[in-house]
Structure formats: C-alpha cells, structure tokens
Amino acid sequence: MMQVDLDPRTALPFPQAALPILRNTQLRKNVAHATDVIQAKRARLVAEKTDWQALRNAAAAIKDDVLGHLDRYLVEFEARCTAAGGHVHWASDAAEARSIIVEILRTEKATEAIKIKTMTSAEIQLNPALEAAGIKAVETDLAELILQLGEDEPSHIVAPALHVNRSQVREIFARRMGRTDLTDDPQALTAAARSYLRRKFLSVDTAICGANFMVAETGAVTIVESEGNGRMCLTLPRTLIALAGIEKLVPIFRDLEVMLQVLARSATGERMNPYTSLWTGVTPGDGPQNFHVVLLDNGRSSILARHTERQTLRCIRCAACQNTCPVYRQTGGHAYGSVYGGPIGAILTPQLMHMDHAQSLPYASSLCAACYEVCPVKINIPEVLIELRAQVVDRERKQAARAFDLMYIGMRVANSIFASAWRFRLAQRLGRIGLRLFTKKDGWIHALPSLGARWTMTRDLRGLPDQTFRDWWASRPKDRV
Amino acid sequence: MSDARQQILDRIRRATSGGSVTEHPDLPRNYIRHGSLDKSGRLNLMVERLQEYDADVVECAPDDLPACMADRLHSSGKNRFVVPPGLPAEWLASGFDWKLDRGLTHAEIEACDGVVTASFAGVADSGTIVLHHSASEGRRVLTLLPDWHLCILRTSQIVETLPEYFDLCPLPPTLATYISGPSATADIEMTRIKGVHGPRFLHVILVRDDA
C-alpha cells in the first residue's frame, strides 16, 4: 500500500503526489468505474426533475442567506438546541475541537466511541487524538470501516473507499476480522461488516457524528445516510457528540425541502437516500440522553470575509464535482493531500489552511467548469480557483527568491513586451527566427529546451507561420477593405 | 470555551458586516411545490416507488386492515413482534407473541422478529415513508433493530412532492425519520447491497381511507 498523507501541512504538492497514482492502473480503474456509475445515476435523476435549476437557485440562496447572517443563525441554533436539552460548544480550531470531544468522552469514562462517517472529524484528525487519549474510535460506515481496518485514508467525500475494489476488501476483512471464509461477493462482505458492527452498536455507549444540516429555527440536527449505521449511532448510545462546521446551518425547517431534494440526487443519484434522521436536543425516553454539538470554525470565518471565496462555504459535500472532474477521475482523492479532494477540495483546502499550505491545489484543474455545472448550490468553482491562483502568485511575487526564478523573469519580460507595439513586433521577429531552430520539417515543434520543455513534454506546438497577421494586414491590397 | 464563542462570533460579524444579502422571506422558491397527479395517480406512484426499493406493498380497505395485517404477519413466518404503545389494540391479531413497547431494553427489542408501526406521511415522488415517532409510530429504536418492518400508511396521508410534506408540518417535528427503501450500501464497487444495519425487509400496507 502506498503511503497516503492527507495533512495539507505535510503532503506533497499535487503534481508529485499524483505521479505514483497515475501509474497505479488498478486504483484508476476503481475510481473510473465508481465515478461513472454515480454520474450515470445522477444524470438520470436530475433529468427527470423539471424544476432542477429552480431548486439549485433556491439552495444557493438559502446558503447565501445563512452565510450573510451567520452570527444570528448560530446564536439562534444555540439557543434552540440548548432549550431542547443539548449542549453547544464552540471550537476556534481543530485542536480546540479535539480537546472538547476528548474531554466529553473522558467525563463519560468512555473507552470506545462508535462513529458515523464525518469528513469534519477527518479534517480535524480526531481519530489519532482519541487514540492518544485511550479511546478507540470505531468507524461504522462500511466504507470508513474498510479504510480503518485497511489503515487507508478516504479518497472521496461520499464514498470514501471507492478506490478499493472487492478483492481488496476481502483481503482486509480476512486479515483484520479473521474472516478467511469470505468470498469477494459484496453481499457476503457486507454481511460480515453487519455482524462485526452489530455487537459494537449494542454495547458502546458513546457516539460521534457530523451533521448534514442544522436548523436554526428549531435547533434540530439532520443526518442523511444509506446503511442505517447512522440511525444506530444516533439512537442506541447514551451520549452523542455532533461535530459540525459553522456553515452547516439552514435558517428554517422548511429549507430542508430544497436541500434534501438536491443532496440525494447529487450525491448518490437517488430520489431520496434510504434514511434521513432529524432530532432536536434530547427526547426523554428516545435516543441519547446526553447530546453535545461542537461548532467548528477552523478557518471558515476567514473564508466568509472574502467576497469571491465566500461561496465555498455553501458546499453541502455531495461530491458531484469530484465525480465529474476530469482531473479527479484520473487521480482519485489521495493526490490532493487533503480529506477534501477534487474541485471542492482544491478551493476549500488551501483556504482552510489560510493559503499557507496546499498552494498547488488551485492549479489542479483544467478550468473546464464541469464542477460548476453539476454543483447543487451553484458554487462557481473555476472563479474561486482563479482567484486563489492570483493569491498564490501575489504571495510568490513577494518572495525574494522569485527575483531569479526563470518563470517570473519570463513573466516580467512578457509584461514589458506586450506593453509596447515596437517591442512586440521585434519579439515576434526574433521569436520566428529563434523557433525556426526547433521547428521540424512537418511544421511542428516537438521539443523545446528549459521552461518550454514543460509544454512539449506532453504536447507538440505548431511552428510560427512565415507571415504574421500584422504582416499580412500591412501588405494586403489597399483597395479592398 | 466561552472565549472561543465570542472570538468566532466577532470574526463572523467582521466578515459579514456591510454586505447586503437577501433576507430569508424573499428567497426564490419557484420550484415545484404541488404535484399534478390525482388521487389514484399519486397512489400508483407511491406503490411504484416503494416497489423499486424492493418494499413489499399491499392495499386494503379500512375495514379489512386487521385481516390484511394478520395475513402479512402469517406469511412472514415470524412470531414475535414489537409494537409501539399507541397502536390500536384491535390491529393486533391473535396467535402472535406481541411485545408492547413500554420501555423495553435494546436487547428485548433486538430479540423481536419484527415491528409493526403506523406512520405520519408518505411522499409518492420519492417513495418516502415519514415517521415522526408519535405513540403509534414508536420510538426510533423500534423501527431500527428488528430485521422486518411492517408499516401502515393511510392513503389520505400520501402527498406527491416533498414540499407538500413540509406543508403538513406547520409545527416542525422534534424527531423525524424519512425512510426511502430498506437499508442499503453501494460502498463496494457501487454494487447496491440491501440490508446493512437497518431492517432488511420493509412491508407497507396502504389503507384506502380516502376512496
């Protein structure tokens, strides 16, 4: 197994991290198959929805309203949830969130905690912190269980183990569950997970979940899922801790009529996911009697402050952008060096890192805008990518070392050439002479030296024509317009 | 901790001050609220969607409900059923081991073969069964641990679209579960497998009370 690093502070830049993956044909086959299947299902169900664009507009407007009045909605949610018997905690960063959760579990004298898949907990690297505190985290989503037992990392927001195939799952279960009797039939593998987890559900008293939506008006929290592991974790334990980014709110209960319709179709290509759970604080006699919500900032409020980038926080984590992205479809999620891969990860990760890390991610895109087209909350990802590229360049320009960087020297020269007509004409003439050295008989340039090699490494360049447009314009017969 | 609260709220207020954003009541909501099907079209769609999820669906007249239930229970081959306390006593056919949920333990519920409940609403467009966990719908754990769920849905409770269900809730529920087909996963190579953790078998009796 390859070493996968999803900590943006230490992960390799995208081009380096992608290289070994591009050579892994099995992984690429697994990713292509999975994303093809989800995309086809999504396309079919979106097509049958005649009001799809109206739903997208409403979903985007609901999230914009949340973001524009986030302080008010958070305080409202806190008041409602508290009134219903829940405890609301606030965490400025990942370390604070981890210590709040560990502290709650210590008070509960917990040695184990069952978990519903939550990308936010992966974002704050909760499991290693629990382990260090002597608390065993048990992932209960089938995909997360496969990854946990296989000591692997998530590569997709909705289907985190889509890079693993059935025979790899069989091998992991045989090794870690001692189930050498299993075939690679998905039915048998799923049944093995069911019996493995059943005991955990009935015996572990504390659970950790994320949140798909939090309703400010009522203080309710919503989880959407397919397997029922979510319902188990939300219902059976004595204590439940929900970890949620501050942007996960909707203003009123009725907003869910929009969000649930767009989420299921975008995420798994279903009209509705099999199970949606909604609960409000604590209900006597039904479900956990201790309920905690940890509201996580961890860089989100700084994204909120920026005009173009704010839309990043509309994201409802459906992964439709990952499934459709021509880059993600080749590399899978691990190349992004973050739990958030694909187009949304390329804009979210560097921003969560305050642009100090993951600076290669805004370039991991062809700007084809397929992600924008499928996004159920209409995040203009290409627009944000370009804005972030500009920020990366602005930062680099200020670095002293860049004064001697060939690319930056080239850009400064280009700037001066394009600023004056005679310099441009001269450069054209010199360029034509210079490039002639590299132009082959077929009229194409197959190899260039130095920086130019980065272009010709993967594609050919047509040689410059003998006559430029300007030359032709100057020499055209004057009697014709 | 309260420090973090103040810091986060301060940062948010600095970030959002001065921006003019649409107030909530003015949001664009020109998506489809109301369906276009008549009563029988709605019912047919609900049946079709439920069957797509491999749910077993039968219809009956209100007077026939106890007999219809007894028939479903018999053909299940199961014997011990747990029921919420608010289910009408006349629904509980004789010849079965009924466990009335008055604070049963998880182990006692787990030991039951199946569960029988009423429901709050049905959404035809997505084949969704809505539980608000009232006295006749049961605590959440009741419809979770047993492997077999028989759900009674009156046809007058069926709406066509999801927004129509939200219209039924002037007072938002504090607890709700929306069930759209039995527990399933596609985590291994996108192959859909039924029955991971929730009930593997979903049976629905549609009671034609608005005929």
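Helices (H or I, at least four residues) and strands (E, at least two) are DSSP runs, numbered from the N terminus. The views below show a predicted model, in which local features need pLDDT of at least 70 and side-chain atom pairs count only at pLDDT 80 or more, whereas totals for chains, interfaces and linings use all residues. Residues are numbered from 1 along each chain as its sequence is written, and chains are lettered from A and ligands numbered from 1 in the order in which they are written.

View 1. Asp54(B) sits in the loop between α2 (39-52) and β1 (56-60) of chain B, and its phi is positive, at about 70 degrees, although it is not a glycine. Most residues other than glycine have a negative phi. A residue is buried if 20 or more other C-beta atoms, placed from the backbone, lie within 10 Å of its own, exposed if 12 or fewer, and partly exposed in between; Asp54(B) has 15 C-beta neighbours inside 10 Å and therefore counts as partly exposed. Glu189(B), in the loop between β10 (184-185) and β11 (193-194) of chain B, also is not a glycine and has a positive phi of about 55 degrees. Glu189(B) is partly exposed, because 18 other C-beta atoms lie within 10 Å.

**View 2. The surroundings of Leu73(B) in chain B.** Leu73(B) is part of helix α3 (residues 65-76) of chain B and counts as buried, because it has 22 C-beta neighbours inside 10 Å. Two residues are in contact if their C-beta atoms, placed from the backbone, lie within 7 Å; leaving aside residues up to four places away in sequence, Leu73(B) touches Phe81(B), Ala93(B) and Phe96(B). In chain B as a whole, buried residues make up 44% of the 211 residues, and residues 24 or more positions apart account for 71% of the contacts with a separation of 6 or more. The secondary structure of chain B comprises five helices and 12 strands.

**View 3. The crossing of helices α2 and α12 in chain A.** Helix α2 (residues 25-47) and helix α12 (residues 256-268) of chain A have axes that come within 7 Å and cross at roughly 145 degrees, where axes are lines fitted to C-alpha atoms over the stretch in contact and angles run from 0 to 180 degrees between N-to-C directions. On the α2(A) side the contact holds Ile38(A), Arg42(A), Leu45(A) and Val46(A), which meet Arg265(A), Ser266(A) and Thr268(A) of α12(A). By class, the residues of this contact are three nonpolar, two polar and two charged, given that Ala, Val, Leu, Ile, Met, Phe, Trp, Tyr, Cys and Pro count as nonpolar, Asp, Glu, Lys and Arg as charged, and the others, Gly among them, as polar.

View 4. The domain assignment, with bounds from an automatic or database source, divides chain A into domain 1 (20-301), domain 2 (319-398) and domain 3 (403-475). The centres of domain 1 and domain 2 of chain A, taken over C-alpha atoms, are 22 Å apart, and their contact takes 30 residues from domain 1 and 22 residues from domain 2. On the domain 1 side, α2(A) supplies the largest share, eight residues, and that side has 16 nonpolar, eight polar and six charged residues.

**View 5. Helix α18 of chain A and its buried face.** The 18 residues of helix α18 (residues 381-398) of chain A should span 26 Å at 1.5 Å a residue, which agrees with the 26 Å between its end C-alpha atoms; the expected span is 1.5 Å times one less than the number of residues. Ile381(A), Val384(A), Leu385(A) and Leu388(A) of α18(A) are buried, and seen down the axis the buried residues fall within an arc of 105 degrees, so they line one face of the helix, the arc being that of the directions from the helix axis to the C-beta atoms. These buried residues pack against α14 (320-324), α16 (342-352) and α17 (370-374) of chain A, while the face turned away from the buried side carries the exposed residues Ala390(A), Asp394(A) and Lys398(A).
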